[in-house]
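Student: I would like a close look at one part of this model. Please take the aromatic rings and keep it brisk.

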Amino acid sequence: MYNNMSKLYDNLGDYFIFDSKALSVEEFFGDLSTFRSLFLDAVKENNKRREMEEKMKRAKIAKEKAEREKLERQQKKKQLIDINKEGDETGVMDSLLEALQSGAAFRDRRKRTPKTNDNRQAALERSRSRHHGRMVPV
C-alpha cells in the first residue's frame with residue numbers, strides 16, 4: 001500500500017510539476033489546503049464586490065429616474081403657470097382633463113382644522129336666536 005501511495009504521489013508530482021522527492025506529502029497537501037481556502041475567500045470577496053456594484057448601479061438608476069420624474073413634474077407645473085400668465089386659453093381643457101385623470105385636481109395641500117364642539121354650539125345658538133325668542137309655527 002505504501003508503494004502504491006508513493007507511486008500515486010509521484011504521479012501527482014508529475015501532474016502539478018513539482019519534485020515529489022524534495023516536497024513531503026504533508027507540505028504538499030498543506031499548501032493545497034491553504035490554496036483552496038484562499039481561493040474560496042477570494043471567490044466570496046468577488047461575489048460581495050459584484051453585489052455591491054449591482055446595488056450601487058440600481059440605486060443610481062433609481063435616483064436618476066426620480067430626478068427625471070421630478071423635472072417632468074416641475075415642467076408640467078411651469079407649463080400650467082405659463083398658460084395662466086399668457087392668458088392663452090388653448091389647451092386648458094386638455095390640462096384640466098389630465099389633472100382629473102391623474103388625480104392632481106383632488107390633492108389638497110392645506111391642513112383642515114377639525115370642527116370643535118364650541119363652534120357647533122355657537123352655530124346652534126345663532127340659529128335659535130334668529131327668531132328673537134318668538135315661537136314660530138311649524
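Is Y9 buried or exposed?

Tutor: Y9 is buried, because its relative accessibility is 8%. Buried means under 20% relative accessible area, exposed means over 50%, and partly exposed lies in between (1.4 Å probe, protein chains only). This is a predicted model, where local features need pLDDT of at least 70, side-chain atom pairs count only at pLDDT 80 or more, and totals for chains, interfaces and linings use all residues. Residues are numbered from 1 along each chain as its sequence is written, and side-chain values use heavy atoms, with hydrogens and water left out.

Now the rings. Rings of Phe, Tyr and Trp (its six-membered ring) pair if their centres lie within 6.5 Å; planes under 30 degrees apart count as stacked, over 60 as edge-to-face and the rest as tilted. The count is seven aromatic pairs. Y9 pairs edge-to-face with F28, at 6.1 Å centre to centre and 70 degrees between the planes. This pair links distant parts of the chain, 19 residues apart: Y9 sits in helix α1 (residues 2–16), F28 in helix α2 (residues 25–86). Helices here are DSSP runs (H or I, at least four residues), numbered from the N terminus. F28 also counts as buried, at 8% relative accessibility.

F28 has a stacked partner too, F18, at 4.7 Å centre to centre with 20 degrees between the planes. F18 lies in the loop between α1 and α2, ten residues from F28 in helix α2. F18 is buried, with a relative accessible area of 18%. Ring pairs join Y9, F18 and F28 with Y15, F16 and F29 in a cluster.

Methods
Helix = DSSP H or I, 4+ residues; strand = E, 2+ residues; numbered from the N terminus.
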